[in-house]
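Visitor: I'd like to learn how to read aromatic contacts and nonpolar cores. Can we go through them together?

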Amino acid sequence: MRAEVHLNRVLYKIPPFAMKALYRQIAVVEQEQFQVRIFEGRVVQTNPKFIAERSNAEVRIHPTLKEALDDAESEFKQSIASEQWEPWDPALPPF
């Protein structure tokens, strides 16, 4: 399905001297091919249309859903391993 979001993983960090968290989203979107879209912002995006059309996202193209999901999971784990990002749980605010 065009513009379908198959995965939307969210991480967060609170930069030094900041009052608000910064969020990093790693999404897998199906367009003509499968895209891994990585972007940051001050608000977690949940609208699939916004995620699929985010203009300032880093985009990686993959021919299969499995390759895209593997890439997204690898990026998520690398972000955590960098010790800069924490997995975000919407039930537990980071503050």
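Visitor: Is Tyr23 buried or exposed?

Guide: Keep in mind that this is a predicted model. Tyr23 has a relative accessible area of 9%, so it counts as buried, the cut-off being under 20%.

Visitor: And how do I read a pair of aromatic rings?

Guide: A ring pair is described by two things, the distance of the centres and the angle of the planes. Here the count is one aromatic pair. Tyr23 and Trp88 make an edge-to-face pair, with 5.7 Å centre to centre and 75 degrees between the planes.

Visitor: Which parts does the pair tie together?

Guide: Tyr23 sits in strand β2 (residues 22-30), while Trp88 is in the segment after β5 (86-87), so the pair links parts 65 residues apart in sequence. Trp88 is partly exposed, at 24% relative accessible area.

Visitor: Where does Arg9 lie?

Guide: Arg9 is over the face of Phe76, 3.6 Å from the ring centre. Phe76 also belongs to the largest nonpolar core, which has 11 residues, including Leu11, Leu22, Ile26, Val36, Ala72 and Trp85.

Visitor: Which elements give two or more residues to this core?

Guide: Those are β2, β3 (34-41) and α2 (65-81).

Visitor: What is Trp85 in contact with, leaving aside neighbours within four places in sequence?

Guide: Among its contacts are Leu11 and Leu22, both members of that core. Trp85 also touches Tyr23, along with Tyr12, Lys13, Arg24, Glu40, Ser79 and Ile80.

Visitor: What about a second core?

Guide: There's a separate one of six residues, with Phe39, Ile51, Ala52 and Ala57 among them.

Conventions: Residues are numbered from 1 along each chain as its sequence is written. This is a predicted model: local features need pLDDT of at least 70, side-chain atom pairs count only at pLDDT 80 or more; totals for chains, interfaces and linings use all residues. Side-chain values use heavy atoms; hydrogens and water are left out. Rings of Phe, Tyr and Trp (its six-membered ring) pair if their centres lie within 6.5 Å; planes under 30 degrees apart count as stacked, over 60 as edge-to-face and the rest as tilted. Helices (H or I, at least four residues) and strands (E, at least two) are DSSP runs, numbered from the N terminus. Buried means under 20% relative accessible area, exposed over 50%, partly exposed in between (1.4 Å probe, protein chains only). A charge sits over a ring if NZ of Lys or CZ of Arg is within 6 Å of the ring centre and within 35 degrees of the ring normal. A nonpolar core is a set of buried Ala, Val, Leu, Ile, Met, Phe, Trp, Tyr and Cys residues joined through side-chain atoms within 4.5 Å. Contact means heavy atoms within 4.5 Å.
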